[in-house]
Amino acid sequence: MDEKLKQLDGEVMRLCEPIFKEIEAVADRNRERVLDAFIENRVGAAMFAGSTGYGYGDSGRDALDRLFADIVLAEDALCRAQLLSGTHALTVALFGVLRPNDTLVSAMAEPYDTLKGVIGGEGVGSLAEFGVGYKECPLRDGRCDLNGLFELAKTASAVLVQRSRGYAERQALTVEDIGEICAFIKGANPRAVIIVDNCYGEFVEEREPLSVGADLIVGSLIKNAGGAVAPCGGYIAGKANLVELCANRMTAPGTGRELGCVLSGLRELYEGLYFAPSVVEQALKTAVYAACLFERLSLAVSPRYGEKRGDIVTAITIGDEKRLIDFCGAIQQNSPVDSFAAPEPWDMPGYDCKVIMAAGGFTNGSSIELSCDAPLRAPYTAYLQGGVHLTYSKRALLAAAKVVIK
Ligand SMILES: *Cc1c(COP(=O)(O)O)cnc(C)c1O
């Protein structure tokens, strides 16, 4: 490491020290809760065996659902490889809960890019094509417009609350923020089902949104909740009657959660959940370190390093297309897998402009491993997330810092 970077690293580590301590304290309490749930659910090696065919009576699959429910304090949960990704889990939840002539309201303006087709796509079997109405509550000064939402919620059957920012210019919601939003929704309409898109938020705090009024939380296992070990999967957790509706949509109406073999990989789902608080701890340290580092290099970052976080994502405004591509290249070159590859912008399915992604992880597309993605449009903001250990992350981040200094 050259002298200048070494000095910068020392400064950043000193500034981040007190924040790291807070992150460790939250992770300790999350680990405590996770281990308690493993013990209470009597997780045993026989549960990892998997099943074939219909998968009837796959006790490992069913016990994982219960384990997950206990960890996030839900009445019930589906934590499964059969939920293919976060987008699929959210799709199952929305189609599970909503019926023709119902209205869905998005509380945080436009939802994540891949959900736009699910909600309003043409010729793809979207909610709109099944007669589900949709309304969006625009942000107000970058935050949830609580009064506007109060009005919209009155006629909503379900409200989607997205915790993380996606590619939008706003802060992630903290669990406290979500509690306030839930109170407004329930105040306007106690029957509206509150579905939180919890992607990137799991284990960032001690509580999950179910503890502050959400009815369902939904997320991906190749993000936080899979602990960088789960090879695929998603989850839906919350009120038992709603989870049951989702189970019927996940497989077939009437067979629901009883159907669905797990050929293999159950062990990794259990193990990932066990590691998740620790991996999120490292991802948060990576996020705080990165924010501080690039702040010192005079880039606009969000959130700032000392700000309270609702997720593991840091937006870093690079300001220039070429530098953005080089920035992602530096992250890729310092990754364990495909370090020799150069990421290139491409038309990713579900996104409306070219996207570049540095993702040198063990699991395809996993963004709990150190990863950086960016839509190729002004102001050329990179979204950085993940990192299974700060030492590994720092090497990539300092290489990316060189690109910025140049
Ligand atoms: C990643 C993400 C999704 C979609 O998850 P995939 O696993 O990529 O399908 C949805 N919402 C948010 C906020 C996300 O970050």
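Predicted model: local features only at pLDDT ≥ 70, side-chain atom pairs only at ≥ 80, totals over all residues.
Tyr274 counts as partly exposed, because its relative accessibility is 41%.

**Surface patches**

- Helix H1 and helix H8 (266–296) each contribute at least two residues to the nonpolar patch.
- A patch of negative charge also lies on the surface, where Glu32, Asp36, Glu40 and Asp70 gather.
- Helix H1 (residues 3–40) provides the largest share of that negative patch, with three residues.
- Glu40 belongs to helix H1, and this residue counts as exposed because its relative accessibility is 62%.

**A strand under cover**

- Strand E4 (residues 158–162) has five of its five residues buried, so the rest of the structure largely encloses this strand.
- Cover is found on both faces of E4: Ala158, Leu160 and Gln162 are buried on one side, and Val159 and Val161 on the other.
- E4 pairs with strand E2 (residues 103–106) in the parallel sense, over three bridges; here Leu104 stands opposite Ala158 of E4.
- E4 also runs parallel to strand E5 (residues 193–197), joined to E5 by five bridges, and Gln162 stands opposite Asp197 in E5.

**Salt bridges**

- Side chains of opposite charge can pair when their charged atoms come close.
- The model has 25 salt bridges by the rule used here.
- Lys116 bridges to Glu110, with the closest N and O atoms 2.9 Å apart. Lys116 is partly exposed because its relative accessibility is 31%, and Glu110 is partly exposed at 48%.
- Lys154 forms a salt bridge with Glu151, and their closest N and O atoms are 3.3 Å apart. Lys154 has a relative accessible area of 42%, so it counts as partly exposed; Glu151, at 47% relative accessibility, is partly exposed too.
- Arg267 forms a salt bridge with Glu271, the closest N and O atoms lying 3.0 Å apart. These two residues are four apart in helix H8, so about one helical turn separates Arg267 from Glu271.
- Arg267 is partly exposed, with a relative accessible area of 43%, and Glu271 is partly exposed at 26% relative accessibility.
- A network of salt bridges links Arg61, Asp62, Asp65, Asp76, Arg80, Glu244 and Arg257.

Note on methods:
Residues numbered from 1 in each chain as written. Heavy atoms only, no water. Patch = residues over 30% accessible without salt bridge, like charges linked within 9 Å, V, L, I, M, F, W, Y side chains within 5 Å. Areas by Shrake-Rupley, 256 points an atom, 1.4 Å probe, with all protein chains shown as cover. Salt bridge = Lys/Arg side-chain N within 4 Å of Asp/Glu carboxyl O. Lys, Arg positive; Asp, Glu negative; His and termini not counted. Charge placed at Lys NZ, Arg CZ, Asp CG, Glu CD. Buried < 20%, exposed > 50% of the residue type's maximum accessible area, 1.4 Å probe, protein only. Pairing = 2+ DSSP bridges.
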